[in-house]
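Look over the chain below from one end to the other.

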Amino acid sequence: MLELWSNMGAGTQMIVLFFLLLALRLPVAFALGLSAFYAMWSIGFGLEMAGDLIATGIAKYSLLAIPFFILAGTLMGSLGIAERMIRFFRVLIGGLPGGMGIVGTTVCLFWGAVSGSGPASVAAIGPLIIKGMEEDGYPKPFAAGLVCTGAALSIVIPPSIGLVIYGVIAEASISSLFIAAIIPGLFLGFLMLAALPFARSGDAAKGAETLKRLLPADPDAGLPYGQRLRRSFVSSFWGLLTPVVILGGIYSGAFTPTEAALVATVYALLVGGLIYRTLTLRGLYQALVEAAASSAVVMLVVAYASLFGWVVTVDDLIGQYSTALLGISDNQWVILLVIMLILLIAGMFMDAVTIMFICLPIFLPVAQHLGWDPVWFGVVVMINLAIGLFTPPVGINLYVAANITKLPLERVAQGVLPFLITSLLGLAVVCAIPSMSLVLVEWLKP
């Protein structure tokens, strides 16, 4: 064993040590940092370089979007915007066959254009959607599975924190990535609707009897449909306008994606403070604390990943592994399949940010060699990582959903299975038809 270890290069030892530390349940950021420190020491570079490398890794203007998008999503969840949005869509389409299943899917897609974070979306809209779906006769595990899947699309539907990080790593246009993700994100949401019939078992049989119920707290429950719809639209208007403000500003060129994150935060404060009047000092403090904690986790991973990436470059792991990957087959579809399988398996055990910093330096040269469009490849990667958010055994959305529903993780995982199948089908279609991602980019030309 020692001989095998000594025959490995420092970079390969670093990767093995990283997974070993993960197996010992060390937090991902510290596993990245410790394994990178070991490799730097093994190569013979002084550890005094670490501070400069970390500072360089996080001192990127585009990364400022991460904490502000997280804060904007947190504020909009705590200020009642999510509840108003759900009530509007429930009045609008809750009476269709499928009822709250369609409402839940729609709200998840809409909220993806607000939050940009999968786990944060589960926490913000999950309780209300799952409660409503239960009332409409859906089994609770299935409802939790729908929320897990729909919330995962938050890292695909723009603005997406994942696409911001991909754009930084790949040096690709973040605006183009946002535009390219619109059609694939909506397509995946449409495929989620195809999974709704799988809920027709057990308690779901009573769905027809309760399909027209509104949220218990709805003060307009006894009014005619037209009046309920009008009042719910007026109540939720400023929340529904959020994606228009954010994405419209980006695509029109009024501000950059990074500036859009700050605009979204200010907009949430104005809506909560001046229009809905739900903003309190205590609520603002709690939102700031929650957003700071979530941002710190992401940025700590980014910081230590910069060390990891530096070792990968210095030890030429990019050249070694990308050459090995290209040597698997002459067929680019076979190579794409291998990359997708690697990302999918990695997504079962690690978070999306870590996977991107570890894998993209190796995969991007392969994509460039094969002539793949980096924007399309970014969308494909993000869909794959979104699937990882709700894929057992470590899909983080599953844990958040299990926590808010008080269900065992296994039950939530069972509820996810129909959506996992439709999502994999959607990934295959987006891989096979690059124009689905690129047609809007060509049309809008950001």
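Start with a rule for rings: two rings of Phe, Tyr or Trp (for Trp, the six-membered ring) make a pair if their centres lie within 6.5 Å. In this predicted model, such pairs link Phe88, Phe89, Phe233, Phe237 and Trp238 into a cluster. The count of aromatic pairs comes to 11.

Phenylalanine 88 and phenylalanine 233 sit 5.6 Å apart, centre to centre, with 55 degrees between their planes. That pair is tilted. What does the pair tie together? Phenylalanine 88 belongs to helix H6 (residues 81-93) and phenylalanine 233 to helix H14, so the pair joins parts that are 145 residues apart in sequence. The two partners have their own surroundings. Phenylalanine 88 counts as buried because its relative accessibility is 8%, under the 20% cut-off. Phenylalanine 233, at 36%, counts as partly exposed.

A second pair has another geometry. Tryptophan 372 and tryptophan 376 are edge-to-face, with 85 degrees between the planes and 6.0 Å between the centres. Both tryptophans are buried.

Now step back to the whole chain. The protein chain has 24 helices and 0 strands. It holds 446 residues, and 54% of them count as buried. Among contacts with a separation of 6 or more, 77% come from residues 24 or more positions apart.

Go inside next. In soluble globular proteins, nonpolar side chains tend to be buried together. Here the largest nonpolar core has 151 residues. Leu32, Ile129, Tyr166, Ile339, Leu343 and Phe377 touch the most other members. Helix H20 (residues 352-369) gives the most to this core: 13 residues. Which residues does leucine 343 contact, beyond its neighbours within four places in sequence? They are Ile355, Cys359, Phe363, Val381, Asn384 and Leu385.

Finish on the outside. The protein chain exposes about 18900 Å², and carbon and sulfur atoms supply 68% of that area. One nonpolar patch on the surface is formed by Phe233, Val234, Phe237, Trp238, Leu262, Val266, Leu270, Leu274 and Ile275. Together they have about 780 Å² of accessible area. Helix H14 (225-240) and helix H16 (257-275) each give two or more residues to the patch. H16 gives the most, with 5 residues. Leucine 274 lies in H16. Is leucine 274 buried or exposed? Leucine 274 is exposed, because its relative accessible area is 57%, over the 50% cut-off.

Conventions:
Residues are numbered from 1 along each chain as its sequence is written. This is a predicted model: local features need pLDDT of at least 70, side-chain atom pairs count only at pLDDT 80 or more; totals for chains, interfaces and linings use all residues. Side-chain values use heavy atoms; hydrogens and water are left out. A nonpolar core is a set of buried Ala, Val, Leu, Ile, Met, Phe, Trp, Tyr and Cys residues joined through side-chain atoms within 4.5 Å. Buried means under 20% relative accessible area, exposed over 50%, partly exposed in between (1.4 Å probe, protein chains only). Helices (H or I, at least four residues) and strands (E, at least two) are DSSP runs, numbered from the N terminus. Contact means heavy atoms within 4.5 Å. Patches are made of residues with over 30% relative accessible area and no salt bridge: like charges are joined within 9 Å, nonpolar side chains (Val, Leu, Ile, Met, Phe, Trp, Tyr) within 5 Å. Accessible areas come from the Shrake-Rupley method with a 1.4 Å probe; for residues, only the protein chains shown count as cover. A salt bridge is a side-chain nitrogen of Lys or Arg within 4 Å of a carboxyl oxygen of Asp or Glu. Rings of Phe, Tyr and Trp (its six-membered ring) pair if their centres lie within 6.5 Å; planes under 30 degrees apart count as stacked, over 60 as edge-to-face and the rest as tilted.
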